[in-house]
Amino acid sequence: MCGIVGYTGPRQASRILVEGLKRLEYRGYDSAGIAVRRDEPLGDGEAPLSVIKRIGKIAELRQAVPKDLPGTCGIGHTRWATHGGVTDANAHPHVDGSGRIAIVHNGIIENSAALKEMLEKEGARFASETDSEVIAHLVAYYYDGDLEAALKAALGHLRGTYGIAAIHADEPGRIVGARNGSPLVVGVGDGEMLLASDVTALLAHTASVVYLNDGEVVSMTPAEFRISDGDDRAVDPKIDTITWKLDAIEKEGFSSYMEKEIFEQPESIDRALSGRMNQEYGSAKLGGLNLSKKELHAIERVRVIAAGTSWHAGLVGCQLLESVARLPAQAELASELRYRNPVVEPNSLYLAVSQSGETADTLYAMREIQRRGGSVLGVCNVVGSTIARESDGGVYVHSGPEIAVASTKAFTSQLAAFYLMTLSLARLHDMSHHEGQRFLAELRAIPEAVRASLAQRDAIQAIAKRYARYRDFLFLGRGILYPIALEGALKLKEISYIHAEGYASGEIKHGPIALVSPETPSVFLVSNDHLREKTISNIREIKARGGPVIALAQEGDDEVAGLADEFIPVPTVGSRFQPFVMVPPLQLLSYFCALELGRNVDQPRNLAKSVTVE
Ligand code: F6R
């Protein structure tokens, strides 16, 4: 979704802003722009702020920005359209009528129509169709020589969500920012300050950051920053250190971030597991949960709230928690839970699962549960993200920055967190010490098994070449592989735009089998347990109707290999661990189909990396 970057310091701002926006590209956007305060003296007729905006890619903006654009303080933005079409005029920054104030905004201003009407009566002339532009005019309306005071006065009228950064031509070196429901992070440099919606835009310049909380306003100059809360009280800032390294957000020789992230999974899963497995006790320890043994014992059921791929990880996790830890568990779509007046039962463990930790649906559902007295633990990847900070404890999955829009390595790291959680809860109930040790041994072997599953790369690419031009796919699995079928279908549709449906394979005869024809391939995930035979029967049903079958099954499964049109062998692991080895080949299948069709795999159309609006 939209991204913000701001810079004030001794260096040329435009370069840093454009480079920061490039780092934010992965979040999804359709236009971008910067506003830089021109250093004095101004030539005749020169505008005090240089504002340059372009629809399309950052490369287009870069071309439009003069190499020697003067100015050492400015703000930039990548826009993902919500109010108003994708046009240069609707791109941010927006300026007030005098051209002396520029703002960028993430989020949605719900009462923008009423504010616009009021401001137009006061003489404001609007240049865009966006909700955000009202902020520039409102700040101008209140401006009386102090940008911070004017922004604060304006905030009092805004309903909705925002991350805002603003500059004024009359206040050299000052950037003012405000946050309510849309992240903002201050980057504390040496003689320079930055502001961004995402730490990836700051990493090249500083590792010292301060996350703003909702209701806070920051005012910064190159030398200092101060934060105040909604009641105008000074806030003592907590400076965090980012541990992500710059090379973690580079492609490092891969042709895309998605490819890099798929192939990183052996290491990222290893990181998620590392230091958390206790061989001696045959158990796992997730320190961040902040729960004593007694509190863990008291848990009677688990509820997962999440969206998209994270919800799929939750579905796998819940099957495990129920079958292994013997706890009733359910994964719910966050966007549904919030609005259906949920009953929050005592002794329930709520888990908000989110790679970005910023997904609005998940965040709001979490707050709804908390409002009703439930406590929610976060399972997040991004350290310092809103869900991580507002949850009552939780675990980081440590997959490292995930830049491609389609989630891959974060998914398998979320799975790893669920396996650890399952083990630690199971060991408090029925699982014996010996079984716990066996579970751990199997888990420990997963990174290598994932590496082996990725060795099918070339074979999968060849299959993708043969199948990428089919228009519809079915993805079918049973038991713990059913959520993996959902995930396989989601991955294919989001990056290749091929229509794909994920189903429990037992369900196909209840409707979807009507879709089966020689034009509709079915991707089967065949488990190596008691459900294998049933799945093989389903394959036969599809074959009998002329449907092409791509089957993933354990290496050496000659029966499945003989039945299927295409066979993708996966390494041998225990049946409950098969999600780990089935998912990478599915990610590769989607990836290669998308490449075959010439899609932008890292930034698929219409999608954003972190969905900060409902
Ligand atoms: C799909 C994908 C999305 C996200 C969903 C939730 O590849 O990435 O479905 O999983 O938007 O995002 P997070 O996990 O950041 O809450």
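1. Two strands count as paired here if DSSP finds at least two bridges between them. With that in hand, look at the sheet whose order is E24-E23-E25-E26-E27: five strands, an open sheet, parallel pairing. Its edges are strand E24 (499–504) and strand E27 (566–570), each of which pairs on one side only. From one strand to the next, the twist averages 15°. Keep in mind as you click around that this is a predicted model.

2. Strand E23 (residues 472–477) and strand E25 (residues 522–525) run parallel, and four bridges join them.

3. What is the order of its five strands? Reading across, you get E19-E18-E20-E21-E22, with parallel pairing. Strand E19 (329–333) and strand E22 (394–396) are the edge strands, pairing on one side only. Neighbouring strands of this sheet are turned against each other by 20° on average, direction ignored.

4. A handy landmark is Ala352, which stands opposite Gly378 in E21.

5. Now for some antiparallel pairing. Strand E12 (residues 217–220) and strand E13 (residues 225–228) run antiparallel, with four bridges joining them. They form a hairpin, and four residues sit between E12 and E13. Met220 has Phe225 as its bridge partner in E13.

6. Ser228 stands opposite Ala234 in E14. E13 and E14 form a hairpin too, with five residues between them. Which residue in the turn has a positive phi? That one is Asp232, at about 70°.

7. On to the ligand. There are 14 residues around the ligand, and the ones that come nearest are Ser310, Ser354, Ser356, Thr359 and Glu494. Sorted by kind, the shell around the ligand has four nonpolar, eight polar and two charged residues.

8. Which atoms meet at the ligand? An N or O atom in the side chain of Ser354 is 2.6 Å from an oxygen atom of the ligand. For Glu494, a polar side-chain atom lies 2.5 Å from a ligand oxygen atom. Thr309 takes part through its backbone instead: one of its N or O atoms there lies 3.1 Å from an oxygen atom of the ligand. How much of the ligand's accessible area does the protein cover? On its own the ligand has 400 Å², and the protein covers 90% of that.

9. Last, where do the shell residues come from? Helix H9 (308–323) and helix H17 (482–496) are the elements that give two or more residues to the shell around the ligand. As for domains, domain 2 (251–444) and domain 3 (449–602) each supply at least three residues to this shell.

Technical notes. Residues are numbered from 1 along each chain as its sequence is written. This is a predicted model: local features need pLDDT of at least 70, side-chain atom pairs count only at pLDDT 80 or more; totals for chains, interfaces and linings use all residues. Side-chain values use heavy atoms; hydrogens and water are left out. A residue is near a molecule or strand if one of its heavy atoms lies within 4 Å of it. A polar contact is a pair of N or O atoms within 3.5 Å; within protein, one must be able to donate a hydrogen and the other to accept it, and residues adjacent in sequence count only if both atoms are side-chain atoms. Accessible areas come from the Shrake-Rupley method with a 1.4 Å probe; for residues, only the protein chains shown count as cover. Ala, Val, Leu, Ile, Met, Phe, Trp, Tyr, Cys and Pro count as nonpolar, Asp, Glu, Lys and Arg as charged, and the others, Gly among them, as polar. Domain bounds come from an automatic or database domain assignment. Axes are lines fitted to C-alpha atoms, for helices over the stretch in contact, and angles run from 0 to 180 degrees between N-to-C directions.
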